[in-house]
Amino acid sequence: MERKVLTLFGRKIMDDCVEARQGTVLAVLGTVFFSTFGVGAYTFSLSLSAGSSGLSASWLGLAFSGYFLARLVLAPLAGYSADYFGPMSLLRWACGVGTAVPFIYYFFPTAESLGIIQICLGFCTGIVKPVSMALLGQCVLKKKRGSLFALYNTYLYCALVVGPLAGGIGVWIQGKMGFMSLIWPFAGMGLSFIALLISRAGNLLAPVGKHKEKEGLPWHNSGFSTLLLAVLGRTAGASVVITFLPRLISANFGLNGVFAGFLFALPNLIIILAMPFTGRWADVRDRSGLTFLGMGLCAACLFGLGQPVSLLVFCLLVAGMGFGSALSLPASMSLAADMCGSKGRVMGFFLGVANLGFVLGPGIAGFAAETGGMADAFELTALFSGVCLLPTFILMSKRLYVE
C-alpha cells in the first residue's frame, strides 16, 4: 500500500530520497497540497462573495493586505524558529491552529470575522511554506533537489487550480459565505495536521538550537543577494498578473465567464504540465542560467501583455509566463536550498522576499495604471522585473569570463 501512495507522489523522485526520510517527504507534500487547497478555496470564496456577505470593500482590502503582510513577516521568523525548535513540531502547530481558525465565525458570526479568519490563515501559511521547503531540501541529495522541488510545485499549483473551483462551488450552493466556504480551510488544514501527526518523521531533523549553531544568512555568497533580488522581481510581476489580468482580459477582448477563467488559470496549468521536465533540467543544467532564463521570459511576456496584440498572441504570452515560471521555480528554490545547507532561516528569508514582491507589485502597477493606463501597469512592472535580473546576468557573465 505504501508503495502505491509513493507512486502517486512521484515514485522515481521518492526513490532518490534518503530512505529514512521518505515519510517526511510524503507528509510535507500532503501538507502543502491540503493547506494550499483549503486556504485557496477560502480566499477565492471571500473575494467572490464579499458583497453578498456584507463585507465592505475597505474591510476586504484590509483582510487581503493583512493576509499578505502576515506571510511577509512570518516567513523569515518561521525559518529561524524551525532551526531552533525543530521543523516538524512547528508545522504541526501551524496546521493545528489553522484547523481551529474557521471556528471563529461560529462564535462570532459577523462579516468582519471572515476578514479576521483570512488574516489568521495568512499567519499559518506564512509558517507552512518556508518550513516545508527547508524540510524537503534536507531530504534529498543536492543534485536531485530540482526534481523534488518540481514535485513540490506541481502539488502546490494543482491545489491553486482545484481550490478556487471548490470555493466557487461552495458559494454557488449557498449564495454567500457560509458553512460550505468555511469547511474548506478546516478540512485542508485538518488533513495537513493529520498527515504530519501520523508521519514517522519525528526528530529526524534535529533542531539547530540543540547544537548551539550560530551561523547566519549566507550574505558572503554573492549569489544569495542576486537570487533574492531576482525573486523579488518575479513575484512582483506575478502579483500584477493575479491582480490585473482578469481586468485586462475583460477590457481588451470583452471576455468573461468560462473562457476568461481559463485564460487566468492557463499559467498555472502550464506550470503543472512543464514541472516534470523543468525539474529534471534543474538537476542536470546550470540552475542560475535556468533561473535567469525563466524569469527573463516571464518579464518579456509580462511586457508583451501590455501591448495591443491579438487574442492568439495574448494566449501565447500568458502560456509563456507559465513556462517561464516552470523553468525558474525549481531552479531558484534549489539554489536557495543549496546555500547554508537549506536551513529554515534561508528558506524563510527567501520566501519573505518573495512575499515582499507580492506586496510591492500591485502598488507599482496601480500607480502606473492611475497615471497612464492598464498597459503602463504591465510595462512598468515588467521593466522592474528586468532590472531586478541585471545583477544575476552580471554575476553569470563574470563566472563565464573566469571559466
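This briefing walks through the fold, cores, helices, surface and charge pairing of the structure above. It is a predicted model, in which local features need pLDDT of at least 70 and side-chain atom pairs count only at pLDDT 80 or more, while totals for chains, interfaces and linings use all residues. Residues are numbered from 1 along each chain as its sequence is written, and side-chain values use heavy atoms, with hydrogens and water left out. The chain has 15 helices and 0 strands; helices (H or I, at least four residues) and strands (E, at least two) are DSSP runs, numbered from the N terminus.

**Overall picture**

- Of the chain's 403 residues, 54% count as buried; buried means under 20% relative accessible area, exposed over 50%, and partly exposed in between (1.4 Å probe, protein chains only).
- The accessible surface comes to about 17700 Å², and 70% of that belongs to carbon and sulfur atoms; areas come from the Shrake-Rupley method with a 1.4 Å probe, and for residues only the protein chains shown count as cover.
- Among contacts with a separation of 6 or more, 82% are accounted for by residues 24 or more positions apart; contact means heavy atoms within 4.5 Å.

**Nonpolar cores**

- The largest nonpolar core holds 68 residues, and Tyr-42, Met-133, Leu-136, Tyr-152 and Phe-350 have the most contacts inside it. α7 gives the most to this core, with 11 residues.
- A second, separate core has 23 residues, including Phe-244, Ala-365, Ala-368 and Phe-378.
- For the record, a nonpolar core is a set of buried Ala, Val, Leu, Ile, Met, Phe, Trp, Tyr and Cys residues joined through side-chain atoms within 4.5 Å.
- Setting aside neighbours within four places in sequence, Met-133 is in contact with Phe-149, Tyr-152, Met-333, Met-347, Phe-350 and Leu-351.

**Helix α7**

- Of the 27 residues of α7, 21 are buried, so the helix is largely enclosed by the rest of the structure.
- At 1.5 Å a residue, α7 should span 39 Å, and its end C-alpha atoms are 40 Å apart, which agrees; the expected span is 1.5 Å times one less than the number of residues.
- Ile-127 sits in α7 and is buried, because its relative accessible area is 6%.
- Apart from neighbours within four places in sequence, Ile-127 is in contact with Leu-74, Ala-78, Leu-90, Leu-91, Trp-93 and Ala-94. Ile-127 and Trp-93 are 34 residues apart in sequence, with 9.5 Å between their C-alpha atoms.

- The 30 residues of α8 (residues 145-174) should span 44 Å at 1.5 Å a residue; the end C-alpha atoms are 43 Å apart, which agrees.
- Thr-154 has its place in α8 and counts as buried, since its relative accessibility is 16%. Leaving out neighbours within four places in sequence, Thr-154 is in contact with Ile-272 and Met-275.
- Phe-37, over in helix α3 (residues 22-48), counts as buried at 13% relative accessibility.
- Phe-37 and Leu-160 are 123 residues apart along the chain, yet their C-alpha atoms are separated by 6.3 Å.
- With neighbours within four places in sequence left aside, Phe-37 is in contact with Ala-159, Val-162, Gly-163, Ala-166 and Trp-184.

**Out on the surface**

- Phe-103, Tyr-106, Phe-107, Phe-108 and Phe-186 make a nonpolar surface patch of about 620 Å². Patches are made of residues with over 30% relative accessible area and no salt bridge; like charges are joined within 9 Å, nonpolar side chains (Val, Leu, Ile, Met, Phe, Trp, Tyr) within 5 Å.
- Phe-108 lies in the loop between α6 (104-107) and α7 (111-137) and is exposed, with a relative accessible area of 56%.

- Val-284 belongs to helix α11 (residues 258-284) and is exposed, with 62% relative accessible area. From Val-284 to Lys-143 is 141 residues in sequence and 7.7 Å in space, C-alpha to C-alpha.
- Arg-280 is also placed in α11 and counts as partly exposed at 49% relative accessibility. The C-alpha atoms of Arg-280 and Pro-330 are separated by 9.1 Å, with the two residues 50 apart along the chain.
- The structure holds 1 salt bridge, which takes a side-chain nitrogen of Lys or Arg within 4 Å of a carboxyl oxygen of Asp or Glu.
- The side chains of Asp-283 and Arg-287 form that bridge (3.6 Å, N to O), and both residues are buried.
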